[in-house]
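Subject: Structure handover

Hi,

Here is the structure I promised to pass on. Please open it alongside this note; what I found follows below.

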Amino acid sequence: MSLTMNTKRRTPGVLFFASMLVLIWLTMITHEAVHWLTGQALGHDMFMQLTRAGFVHDDANPTLLETALVSISGPVFTWLLGALGVWLAVSRKSFLGYELIVVAFAQRFLALTVGTVAGVHNDEARVSLMMGLPFWVLPVIVSLVLFAGVVIAARATRASILTHVLSYGVISIAFTAIIFADGTGPGGDGCGVSLSAIVLGAISVRPLQNAIPATATTISAATTAEVFQRRRRPVPHRR
């Protein structure tokens, strides 16, 4: 008896990609909500928008530990979402699993890339600095681990090249819309930036101006860690 391996690649239907659009918005909102809830649980007044959440007042005066906890809480949610995706893809051969890990990877990779291009630090980068590491260490590690999860999920579900290409397009459109809607893209208020433009280095970056209220301190992936820089001696920025 000969054994044959099923190598036929699979491409999901239109509903898969439509649901990915919704999933991206939901995960972004939830990611910021986790930041908000963590800050509230620590006793601070917080604000929240589509791509950012933060301490409301300049005199919030969080400790270094509190700042780290609020910064890392959102990514922890995203990491767990990605881990769930890999489990579903491997154990159930589910495209939902592929979808979850791809969205998780795209969110953290985009936060790293936009932050690097715009000269700001994402959540993981701030924690890297607090640990005395170069800003890029933790974000790169997280992105590589999540990308490995994407590869595992893609192989487990036998996702086709077309699935990857269409997913890339949906992700680019969705995150561009989110950044545009929140007005936090490189270039100022209302500036959308597509994932493809970032990867190709085809965007023109100007300093983020008027991106946040003067009375607010932002801690999200799309903005700077002013609370850390103002209240603590900055860790040497090694590039």
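A word on confidence before anything else: pLDDT is the predictor's confidence in each residue, from 0 to 100. You need it here, because this is a predicted model. The chain averages a pLDDT of 79. A score of at least 70 is reached by 73% of the residues.

Residues 1–5 are one of them. Beyond near neighbours in sequence, residues 1–5 have zero contacts in the model. Residues 186–239 also have a pLDDT below 50. That stretch does have contacts beyond near neighbours in sequence: 139 in the model. Where pLDDT is low, the predicted coordinates should not be read in detail.

Now the overall layout. The chain has eight helices and three strands. In sequence order the pattern runs α-β-β-α-α-α-α-α-α-β-α. Of the 239 residues, 50% count as buried. The accessible surface comes to about 11600 Å². Carbon and sulfur atoms hold 68% of that surface. Take the contacts with a separation of 6 or more: 68% of them join residues 24 or more positions apart.

Next, the core. The largest nonpolar core has 36 residues. Which of them touch the most other members? They are F16, M20, I24, Y98, I101, I171 and F175. At least two core residues come from each of α1 (14–41), α2 (64–92), α3 (95–118), α5 (137–157) and α6 (161–182). Helix α3 gives the most, with ten residues.

M20 is worth a look in your viewer. Set aside its neighbours within four places in sequence. M20 is then in contact with E99, V103, S167, V170 and I171. Of these partners, I171 is also among the core residues that touch the most other members.

D182 sits in helix α6. Is D182 buried or exposed? The cut-off for buried is under 20% relative accessible area. D182 has 10%, so D182 counts as buried. The side chains of D182 and T51 are joined by a polar contact of 2.5 Å. Leaving aside neighbours within four places in sequence, D182 is in contact with Q49, L50, T51 and R52.

Best wishes

Methods: Residues numbered from 1 in each chain as written. Predicted model: local features only at pLDDT ≥ 70, side-chain atom pairs only at ≥ 80, totals over all residues. Heavy atoms only, no water. Core = buried A, V, L, I, M, F, W, Y, C linked by side-chain atoms within 4.5 Å. Buried < 20%, exposed > 50% of the residue type's maximum accessible area, 1.4 Å probe, protein only. Helix = DSSP H or I, 4+ residues; strand = E, 2+ residues; numbered from the N terminus. Contact = heavy atoms within 4.5 Å. Polar contact = N/O pair within 3.5 Å; in protein donor to acceptor, adjacent residues only side chain to side chain. Areas by Shrake-Rupley, 256 points an atom, 1.4 Å probe, with all protein chains shown as cover.
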